[in-house]
Amino acid sequence: MPQTLLELFPTSLRLVLEQIPAVARESLEEIRIRENRPLEIGYGSRYSFVREDGALTDRYREAFVPSKELCRALLERVTNHSIYAVEEELRRGYVTVSGGHRIGLAGRTLLDKGQVSHLRDIAGFNVRIARARIGVASEVLPELLDFNSRTIGHTLIVSAPQQGKTTLIRELARCISSGEWHHPNAREWGSRKVGIVDERSEIAACERGVPTFDLGPRCDVLDACPKAEGIMMMVRSLSPEVIVVDEIGRPEDALAINEAIHAGVRVLATAHATDLKDVFARPVLAKLAADGVFASFVLLSRDGRKVEHRVVTAEEAIRETSRRYSRTIGSTPRDAPRDASWDTPRDAIVQGSLAPAAPSPAQVNVKARPMPVIRSPNAIMPRGDEDA
Amino acid sequence: MLKFAGILLILFAGTMIGFLQAARFAARPRQIREMLHALQRLETEISYGQTHLPEALSRISGMVTQPLSNLFASIASSLSRDSAGYGETVRECWEAAVISHWPGTAMKKPEREAVLRLGSTLGGSGREDQLKHIRLTSIQLQAEEASARDDQHRYEKLSRSLGMLGAALVVILMV
C-alpha cells in the first residue's frame, strides 16, 4: 500500500492498517470502512476483517470498529477538508484522491427535482487502490492490432468490477503512446497520439493536470471531463489517433463514439459487464456492438492475483451471443464457479463445432415469435364504437 | 533631584499605560474589520474558485496583516496533510489555532465565540451551506464591530487622559 495513501487516513485507523500482514498489504485491493461496523479489507480476490492489532480474522465480532469521529475525520481528509469543492463528485458517489485511488461513498442522498443533488451522512467508504502494472498489456495488445491501418482496432474491454479493466486500459494507452506493440510484424509502426478522456480521474490520476501514472510520451488527458463532451473536444482540437475512455454506457457516449469513429479515430473503451451476454443486454452497448463498431472485445476474469483475458472478435461475439442467447434470472455472485465456456479452447468456439451446452434450468431459450397477422381495418369494427 | 526624576518616570509610565490601553481600544474595531475582509475573501474562494480550504486559508494569510495573518497561516499549515499532529478535523485545527493566537489580538470574547462557531462548520458541508455560515459569522462580527467602535469613541481619549491623570495623582500623593 502506498505511503501517500496511508497518510490520508486518520491516525487511529492508520495505526491499525500499518500492522496488517505484509502478504495482505502487497495485494491489497480494497479497504472498506463502515461507521460502527467492522473494518474489512479485500486483497487478492479475498476478504477479511481486521482486528485492532492489525491481525486478519474471519470473525467479524472481533474486528476493529471505526467510530463516528473517525469517519468524519476520514471524510474531511479525503476531500482535503473541502466538501464544497467536491460536490460534483459526491453526487456521483465517489472521490478520487491523489495517486488515482478511488474512494466510493455510501450515505444518505438528497434529491432535488428527482435528481441526486448531494450526499450527506456519509458512513461507508470503499477505498480502491489503483496500481500500475507494467506488462499486463503485452499479451492482449498483439491480438487487437489492425494490420491494414497499422494501429489498433476499436476495442471494448468488458469485465465485472474489480477485475482490472482500468489497469489494463492504462497500460494499453501507455504501450500505444510509446509504440510498444509487442508484435514482431509491428516493430516499425511507431507510436500513436493517444487522447484519454478521464472522467473519473482514475486512468491518469492527474494532479493539477499532469498525469501521475506513466502513460507514455504522446498522451493527452482531459481530466474530470464528461465522456461524451470530452470525446468531441478531443476530436475537434487535440487530433488524437486513439481515444481511450473508461466505463461507457450512456446514450450520449454512444453518439460521441460514433462521431469519433467516423472522424478516423480508434476507440479503446471499457464497460461493466460480466460477459458478452451482458454486453448485448445493455441497450447502448448492444447497439454499438450490433452496428459492428467494435472490432474486438476483451473479456477479463481474475483468479487470485492472475488476470486472465480472452479476446473475441466482433463476428465471433455476434455468433456466440445469438447462439447462446439466454436470460439469467438474477445474477450470479462474483465468486461463483466460472462458466464452463471460459475453459473451452478458443478455436472450438470459432469453428462453431462446440455443441450448445445442455440447457440449464436457469436458462430460457427464446424462440422467434410468429409475426402477428395483419388484418385490414375494414374487417373489424373500430373498438371505440363497440364500447360505446 | 532624585525625586524629580522619580516624578518624571511615574508620569511617563502612567501616560504610556493610558496610551497602550487607548491603542487596544482603537485596534479592536480595526482587527474585526480585517477579519470581516478575510471572511469575505474566504467566501469568494469557496463560491467561485472552489479552492480547497488549506490553500484558501494560506492565501488569506498572505493578504491580511499581522496578528490575523499568523492565525490563518497556522490553521492552513496544520490542515495540510503531513502535519497530522495538530488534529484531524478542521474544527480541531481551527480551535487550537484560535485559542493559542487570540491573546495576541485586541479582539475580545464575543468575536472569539463567533469565529470558533464558524470553525466547527467550515469545510464540512456543501457550498451554499458554507456561504450561509460565513455570512452569519460576518453579521455577528459586524455587530461586534459597531459596539467596538462605540467603545473606542467613549474610552479611547478617556483612557489616554486617565493614564496621565492617574500618574499625576500618584505623584501628588507621594510628594
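Helices here are DSSP runs of H or I with at least four residues, strands are runs of E with at least two, and both are numbered from the N terminus. Going by that, Q3(A) sits in helix 1 (residues 3–6) of chain A. The model is a predicted one, where local features need pLDDT of at least 70 and side-chain atom pairs count only at pLDDT 80 or more, while totals for chains, interfaces and linings use all residues. Residues are numbered from 1 along each chain as its sequence is written, and chains are lettered from A and ligands numbered from 1 in the order in which they are written.

Back to Q3(A): it counts as exposed because it has 6 C-beta neighbours inside 10 Å (buried takes 20 or more other C-beta atoms within 10 Å, exposed 12 or fewer, partly exposed lies in between, with C-beta atoms placed from the backbone). E18(A) is 15 residues away from Q3(A) along the chain, with 9.8 Å between their C-alpha atoms.

Now for the sheet. Chain A has an open sheet of seven strands in the order 4-3-2-1-7-6-5, with antiparallel pairing (two strands pair if DSSP finds at least two bridges between them). Strand 4 (56–57) and strand 5 (94–97) of chain A are at the edges with a single partner strand each, so one side of each has no neighbour in the sheet. Strand 3 (residues 46–50) of chain A runs antiparallel to strand 4 of chain A, and two bridges join them. L56(A) in strand 4 of chain A is the bridge partner of V50(A). Helix 4 of chain A packs on this sheet, touching strand 1 (28–34), strand 5, strand 6 (101–112) and strand 7 (115–128) of chain A. Contact means that C-beta atoms, placed from the backbone, lie within 7 Å. The direction of helix 4 makes about 100° with that of strand 7 of chain A (axes are lines fitted to C-alpha atoms, for helices over the stretch in contact, and angles run from 0 to 180 degrees between N-to-C directions).

Between the chains, the contact takes 15 residues from chain A and 18 residues from chain B. Helix 4 (residues 68–78) of chain A gives the most to the side of chain A that touches chain B, namely four residues.

Elsewhere in chain A, helix 8 (residues 251–262) and helix 10 (residues 283–290) pack at an angle of about 20°, their axes 9 Å apart. P251(A), D253(A), A254(A) and I257(A) in helix 8 of chain A meet V284(A), K287(A) and L288(A) in helix 10 of chain A.

Note on methods: Contact = placed C-beta atoms within 7 Å.
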